[in-house]
Amino acid sequence: MNTLQIETGFLKKPLPSFVMAQRPAARLQGGFINAIKRGETPRTPVLLAVVAMKEIDNDSFRLRVYDGETKASTFSTARILFQQFSAKAGDVPFVIRVDTYRNTPCRNDQGKEVFLTFISKAAILTCRAPPEAYEIALEQSQSQTQRIAPQPLPQPHEKPQDEMFRVPYLPTRCRPVTQKGSENEPPSVVQLAPSVSSRPVQQPSPTIANLSLRTPPRRKDSPTTPVGFLSPRTKGYILCGLVSNKTAVTPIPDTHNTGHNRIFSFVLTDKHLDDIKVSAYNELADYYHDMVQNGLMCYVRDRESSSSIRRTPSKYNNTKSDYHIVMNKRELVQPCTDQPLIKIPALRLNKTAIQSIRGMRADQAVDVLGIITAIDPVEKIVVQRTGRETVKRVVKLLDSANTSIHVLLWGSEATSFPEDSLHQVLAIQNCVVKEFRGNFSLQVLGSTKMEFNPDSNDAALLQNWFRQRPEDSEECISEAHDYAAEVFTRDLRCIGTMANVPVATLAEDPRGVYFNIVGYAEEIRRNSMFYVACPTCQKKGTETEPGSGVYRCDKCNFQGEGFTRTTMISVKIADWSGSHWISMFSDYANHFLNIDTADELVDNEAAERIVDEVLFRTRVFRVRAKIDSYNGVDSVSWNAYDVYDVPYEVYKTVLTETLAKIGCAI
């Protein structure tokens, strides 16, 4: 293949000629990086050139990008983009289109505020990068190579003073030379560039694709490490901050056989107002729970290793740091008496009106502010999927529009919620929307922050309104109302459209995509309509001996009686645009088949009759499409989470409006 050579001093990078000749160079959006440095949030999409990248924790990349005017190395990618960017690891520079990003302010070693940009949605374009992007990449590669100069190898007749150092491979600027000087003979001794350091370097020479993007080291006169500088690569740290959000020692199930049965955690906020979650397990949880108190200053130090710093999944993260600390030994926390008390500002809410929550999609994060009008008692429930017992509490929240919603609290949040907080103002940050058959509620997660009677004008106005509120009837969007019509219209799709959605689109949300299908069951697989489920984890059990009635669960190692039959069916649904197989489990499958338990399917004749009665009946199927991975292969699975009769009046309106939009009248 014909190639073009870009040569700058010592480095040659071959490029396919058709890339340079036929694909035009991208026009980058200048000023994007400078706008981020000023604290602004420029609009997207935006085109950037990636001139260097480095893998972090095997699930993301640190990027050095160029926007046509400025370059910066404060960009990183989301875990979902790891596979996409891995394919381009040796192909820099290349152009990306950034669709969604988030800026996180932090302070560098000199105390200056900087912004770290986290790219959560992007696409790699086929157009080539502008010429200056290649020059930047080559200059950075050259500067990195000049920093690494291996020690010269001793001559064959000389006795080496130290142990022989073997160079794994040569820097780009090194040239092999034979001792005899013959051009035809193979090189026997390699002559390297002059050494600037007597210490041998045992790491590969950097290339454009793996330029080092390490966090700047801490200054010698800085007594503590900023939270914003922590990462799993940090070797030793000393944190100083204020303790808040201390939890109780909470029992946890050991589902992954880690040996952890209880946990304790708190949040540490440093003087830059960057915070991080600190946790401990088992006996260390008891040890640190008695030592740490809310509102006190303390040091958290670990000078030996960085194994205690781990990445936090975004779903469970309510701090500014992407990581959390797990204390794995004693005496890591010490009281701080030589630093001033840190004042943590009140919650900054991006307030959403409760009335606006109606119609939102499930699992969307919102911030709310309201008056507590009802507090239900703690209720013990058993999670059907895992068989684990937990507790739940429902709190009713009312805003100034006289609209209320239920807030669901679980576990320790439910038991620790103060029952004397009735008619107080409650601010909730980062809770998620839940929807079931048109009724909406809010669920508190581990990443949620709550504050009673916040010191803000909105809270004061809400309290005054509540004292003088009119006698109008209150509307609760969590109780039985006919909002199902709105959800039906919003999520109505057809099989032919959803079956052709690209896998990359579904991968953007790991929780899947929900939609409604108006169709009928065309076929049901009748050879396997139920399985014997473990009473602990609901996974499939295997009989120890045929006919013994004793089953064993490989997942939780439970063996004995108590295993029950659970319905699991595969249904082929169809509409006017096509057909698709879906799966239905447990109560949803029982509701669809009009049965109470899976025991009714044991008799073959009865099962045949039950199946025949539900075929070819037009229903509404609430479906979730999600990507599943098995043995490294990704596949899209459809699961039905609800089946109900078609609201024909609403359906007729939707069809009439659709025909009007395409210019057809009936």
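This is a predicted model: local features need pLDDT of at least 70, side-chain atom pairs count only at pLDDT 80 or more; totals for chains, interfaces and linings use all residues.
Colleague: Phe264: buried or exposed?
Modeller: Phe264 counts as buried because its relative accessibility is 1%. Buried means under 20% relative accessible area, exposed over 50%, and partly exposed in between, with a 1.4 Å probe and protein chains only.

Colleague: And Phe266, buried or exposed?
Modeller: Phe266 is at 0% relative accessibility, so Phe266 counts as buried.

Colleague: Where do Phe32 and Tyr101 sit in the chain?
Modeller: Phe32 is in helix α2 (residues 32-37) and Tyr101 in strand β6 (residues 94-107). They are 69 residues apart, and the pair links distant parts of the chain. Helices (H or I, at least four residues) and strands (E, at least two) are DSSP runs, numbered from the N terminus. Phe32 and Tyr101 are both buried.

Colleague: Back to Phe264 and Phe266. What kind of pair do they form?
Modeller: A tilted one: Phe264 and Phe266 are 6.0 Å centre to centre, with 40° between the planes.

Colleague: New topic: α13. Which of its residues are buried?
Modeller: Helix α13 (residues 604-614) buries Ala606, Ala607, Ile610, Val611 and Val614. Seen down the axis, they fall within an arc of 130°, so they line one face of the helix. That arc is taken from the directions from the helix axis to the C-beta atoms.

Colleague: What does the face turned away carry?
Modeller: Exposed residues: Asn604, Glu605 and Glu613.

Colleague: What covers the buried residues of α13?
Modeller: The cover includes β25 (513-524) and α12 (586-593), where contact means heavy atoms within 4.5 Å.

Colleague: Last one. Which ring does the charged end of Arg525 sit over?
Modeller: The ring of Trp581, 4.0 Å from its centre. The rule: NZ of Lys or CZ of Arg within 6 Å of the ring centre and within 35 degrees of the ring normal. The charged end of Arg301 sits over the ring of Tyr299, 5.0 Å from its centre.

Terms used:
Residues are numbered from 1 along each chain as its sequence is written. Side-chain values use heavy atoms; hydrogens and water are left out. Rings of Phe, Tyr and Trp (its six-membered ring) pair if their centres lie within 6.5 Å; planes under 30 degrees apart count as stacked, over 60 as edge-to-face and the rest as tilted.
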